[in-house]
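I opened the notebook to record what I looked up in this structure. The entries follow the order in which I checked things.

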Amino acid sequence: MKKIALKYRILFLFAVIGIYLIVTSYPCLRLSLTGFPEILKVNLDKGISKIVFLYGGGICGTCPQGTFIFSLKDRQDVLFVVPKKFSSNEKENLRMAFMLKGKIINGDSETADYIARVAACSNKKTKINYYAELDQNKKIKAGKVF
């Protein structure tokens, strides 16, 4: 009788641990099951190997985020995605301030949702900057919040 009760306790413990793991990793699981937003699929030219999502707070030339963006200035294989509300003047100011040669596009609401899922997976706030390196099949092989 005690062996059966012990087995059920152990089974219950494994169930609780399993549920905990599923709940805590749900944002990352959900992120891995969804692909890029449609607007990105359309703009992923053959030469694009990196995507930089600029959905975080203010970016300055001397802050870590600005330094990282500035390091990508001569790269044409980078797609920069900015929020939907960015005007063409703001995109041009970004290009000139950081001397960017890559393509700069506006994201849409689906892109904002994607960034929110990345943030949730990273245990960050919803407004983040995210860098993704792509493999030859246009799948993320490495990514980081910066």
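**Entry 1: fold order**

Which pattern does the protein chain follow, read along the sequence? I am working with a predicted model. In that model I read the order as α-α-β-α-β-α-β-α-β-β. My tally for the protein chain is five helices and five strands.

**Entry 2: overall dimensions**

I looked up the radius of gyration and found 20 Å for the protein chain, whereas a compact globule of 146 residues would have one near 15 Å. The C-alpha trace spans about 75 × 30 × 25 Å along its principal axes. For burial, I noted that 32% of the 146 residues are buried.

I then took the contacts with a separation of 6 or more and found that 66% of them are between residues 24 or more positions apart. The accessible surface of the protein chain is about 9600 Å², and carbon and sulfur atoms hold 60% of that. I also checked charge: there are 24 positive and 11 negative charges, and their mean positions lie 12 Å apart.

**Entry 3: strand 2**

How many of the residues of strand 2 are buried? I found five of its five residues buried, so I wrote down strand 2 (residues 78–82) as mostly covered. I next looked at where the side chains go. Val78, Phe80 and Val82 point one way, Leu79 and Val81 point the other way, and all are buried.

For pairing, I found four bridges between strand 1 (residues 50–54) and strand 2, and the two run parallel. One of the pairs I looked up is Lys50, whose bridge partner in strand 2 is Val78.

I turned to strand 4 (129–134). Why is strand 4 described as largely enclosed by the rest of the structure? The reason I recorded is that five of its six residues are buried.

Which way do strand 1 and strand 4 run, parallel or antiparallel? They run antiparallel, joined by five bridges. In this pairing I noted Leu54 opposite Asn129 of strand 4.

I looked up two of the facing positions: Tyr130 stands opposite Val145, and Leu134 stands opposite Ile140.

**Entry 4: the hairpin turn**

How many residues lie between strand 4 and strand 5 in their hairpin? I counted five residues between them.

**Entry 5: Met99 and Leu100**

The loop between helix 4 (88–98) and strand 3 (103–106) holds Leu100, and Met99 has its place in that loop too. Met99 has a positive phi, near 55 degrees, and is not glycine. I list Met99 as partly exposed because its relative accessibility is 44%.

Is Leu100 buried or exposed? I list Leu100 as buried, because its relative accessibility is 4% and the cut-off for buried is under 20%. I then looked for what surrounds Leu100. Leaving out residues up to four places away in sequence, Leu100 touches Ile69, Leu72, Lys73, Phe80, Leu94 and Arg95. Phe80 is already in my notes as one of the buried residues of strand 2.

I placed Tyr20 in helix 1 (residues 2–33). Tyr20 goes down as exposed because its relative accessibility is 55%.

Notes: Residues numbered from 1 in each chain as written. Predicted model: local features only at pLDDT ≥ 70, side-chain atom pairs only at ≥ 80, totals over all residues. Heavy atoms only, no water. Rg over C-alpha atoms; globule rule 2.2 N^0.38 Å. Buried < 20%, exposed > 50% of the residue type's maximum accessible area, 1.4 Å probe, protein only. Contact = heavy atoms within 4.5 Å. Areas by Shrake-Rupley, 256 points an atom, 1.4 Å probe, with all protein chains shown as cover. Lys, Arg positive; Asp, Glu negative; His and termini not counted. Charge placed at Lys NZ, Arg CZ, Asp CG, Glu CD. Pairing = 2+ DSSP bridges.
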